[in-house]
Amino acid sequence: MTYKTLLTHTQAGVGLITLNRPEALNALNDKLTRELSHAIDAMEARAEVSAIVLTGSDRAFAAGADIKEIRDKTFINVYCEQFITASWERIASARKPTIAAVSGHAVGGGCELAMMCDMIVAAQSARFALPETTLGVIPGAGGTQRLTRVVGKALAMDMILTGRALSAEEAREAGLVSRVVPDGTQVETALDMGARIARGSRPIMMLAKEAVNQAYETHLAQGIHLERRLLYSTFATEDRKEGMTAFTEKRKPRFQNR
């Protein structure tokens, strides 16, 4: 498929998706979010892709929802169209590990899109904000839920009710960002992380991702129970045997993703 609002590329087992609406600071409109859903589906289906990196431009990862597109919508419009639900959240359900490489503005829906990824690599210039209340609405793509689970109630309230932005360093200190890197190196860093993931066993990485994500969905006893069952399941894989054999033989494992 030829995309109008995205650029896609693969290298070293990593799929790179770049938001490409420079005239609108990568604002998220219906066209972009539907193309992004399609691109994630395509990356998930490609056997050679083990991790996915999502990025924007140096100036903006994404400047929120396209207000011009939604300004005149009514309750009936957004309810019947399933605004956000219909096309925004595909990356949140990706089974392969996902990394957001963020530079510049990650505002509103852009911040929420980054939070749907498993990890965020932020350039020093990155700024994270959920200023929807200044427009007379609230965050609706998971912002009130994902942000609160990561940074806690007090900081989430501060960001959402006042609209203030977090710097990259503040976001890292709060646990929202995994790494802060010099401007211009965020994509390279994310691709390197993805390539390291790709050198492992794809099914094992997917199981590990599932286990970590369940920590937000269950209480501790349930989470430990799931983790134990997923651990046991790895003993049914050829890659588990290869990994342990390679360790005892003091060589690098040759994983076959099975």
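Biologist: Against which helices do the buried residues of H5 pack?

Modeller: A word on the source first. This is a predicted model, in which local features need pLDDT of at least 70 and side-chain atom pairs count only at pLDDT 80 or more, while totals for chains, interfaces and linings use all residues. Residues are numbered from 1 along each chain as its sequence is written, and side-chain values use heavy atoms, with hydrogens and water left out. Helices (H or I, at least four residues) and strands (E, at least two) are DSSP runs, numbered from the N terminus. Buried means under 20% relative accessible area, exposed over 50%, and partly exposed in between (1.4 Å probe, protein chains only); contact means heavy atoms within 4.5 Å. In this case, H4 and H6 are what the buried residues of H5 pack against.

Biologist: Which residues of H5 are buried, and how are they placed around the axis?

Modeller: An α-helix has 3.6 residues a turn, so residues three or four places apart point the same way. The buried residues of H5 are Gly143, Leu147 and Val151. Around the axis they cover an arc of only 15° (taken from the directions from the helix axis to the C-beta atoms), which puts them on the same side of H5. Just after H5 comes Gly152, with a positive phi of about 95°.

Biologist: Which residues of H6 are buried, and which exposed residues lie on the face turned away from them?

Modeller: Helix H6 (residues 153-162) buries Leu155, Ala156, Met159 and Ile160. Viewed down the axis of H6, these fall within an arc of 120°, so they line one face of the helix. The face turned away from that buried side carries the exposed residues Lys153, Ala154, Leu161 and Thr162. Among the elements that cover the buried residues of H6 are strand S8 (127-129), helix H5 (143-151) and strand S9 (166-167). Gly163 follows H6 and has a positive phi, near 80°.

Biologist: What is the strand order of the open sheet of four strands?

Modeller: Two strands pair if DSSP finds at least two bridges between them. The order here is S4-S6-S8-S9, with mixed pairing. Strand S4 (60-63) and S9 are at the edges with a single partner strand each, so one side of each has no neighbour in the sheet. S4 and strand S6 (residues 105-107) run parallel and are joined by three bridges; Ala63 stands opposite Val107 in S6. Angles run from 0 to 180 degrees between the N-to-C directions of axes, which are lines fitted to C-alpha atoms, for helices over the stretch in contact. Helix H4 (residues 109-116) lies across S4, S6 and S8 and runs at about 95° to S6.

Biologist: How many residues does the largest nonpolar core have?

Modeller: A nonpolar core is a set of buried Ala, Val, Leu, Ile, Met, Phe, Trp, Tyr and Cys residues joined through side-chain atoms within 4.5 Å. The largest one has 47 residues, and those with the most contacts inside it include Leu54, Leu113 and Leu147. Leu113 touches Leu19, Leu28, Leu36, Leu54, Phe61, Trp88 and Ile91, not counting residues up to four places away in sequence. A second, separate core has 13 residues, including Val121 and Ala190.

Biologist: At what angle do helices H9 and H10 pack?

Modeller: Angles over 145 degrees count as roughly antiparallel, under 35 as roughly parallel, 65 to 115 as roughly perpendicular and the rest as oblique. Helix H9 (residues 202-214) and helix H10 (residues 220-234) pack at about 175°, with their axes 10 Å apart. H9 and H10 are therefore roughly antiparallel to each other. Ile204, Leu207, Glu210, Ala211 and Gln214 in H9 meet Leu226, Leu230, Ser233 and Thr234 in H10.
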